[in-house]
Amino acid sequence: MLDEKRDRPRRKRGCRQEELTALEEELGAIRLALRQAEGKFNTASDPQLVEAAVFEIKSLQARHAYLLRSIKEELAVAHAAPCPRDGADPAGSL
């Protein structure tokens, strides 16, 4: 389903646009899932279903917070180490 950070391959610093795009897409999916879970909570009448919806919402909120932190980290790395231009030496010329 959703990739965990530990399951993703480590990437070198530099151009990280693909990683950032993937995180943003996953964040959008989490936001949709949160709205759906909130809908389940609002329509549930059985106490066990209400409890299950609460746990689902809490889990999605934790994942949402994780993704926001990851996106901020990716943006910080992207600003600290700009992507090399096509054909340019990533280490720079001396």
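I started with Ala22, which lies in helix α1 (helices are DSSP runs of H or I, at least four residues, numbered from the N terminus). This is a predicted model, where local features need pLDDT of at least 70 and side-chain atom pairs count only at pLDDT 80 or more, while totals for chains, interfaces and linings use all residues. Residues are numbered from 1 along each chain as its sequence is written, and side-chain values use heavy atoms, with hydrogens and water left out.

Ala22 came out as partly exposed, at 40% relative accessible area (buried is under 20%, exposed over 50%, partly exposed in between, with a 1.4 Å probe and protein chains only).

Next I looked up the largest nonpolar core, which has 11 residues, including Leu27, Ile30, Leu60 and Ile71 (a set of buried Ala, Val, Leu, Ile, Met, Phe, Trp, Tyr and Cys residues joined through side-chain atoms within 4.5 Å). Both α1 (17–43) and α2 (47–80) supply at least two residues each, and α1 gives the largest share, 6 residues.

Then I turned to α2, whose buried residues pack against α1. His64 sits in this helix and is buried, at 16% relative accessible area. Beyond its neighbours within four places in sequence, I found His64 in contact with Leu27, Ile30 and Arg31 (contact means heavy atoms within 4.5 Å).

Last, I checked the start of α2: Asp46 caps the N-terminal end, with a side-chain oxygen 2.9 Å from the backbone nitrogen of Gln48.

Methods. Polar contact = N/O pair within 3.5 Å; in protein donor to acceptor, adjacent residues only side chain to side chain.
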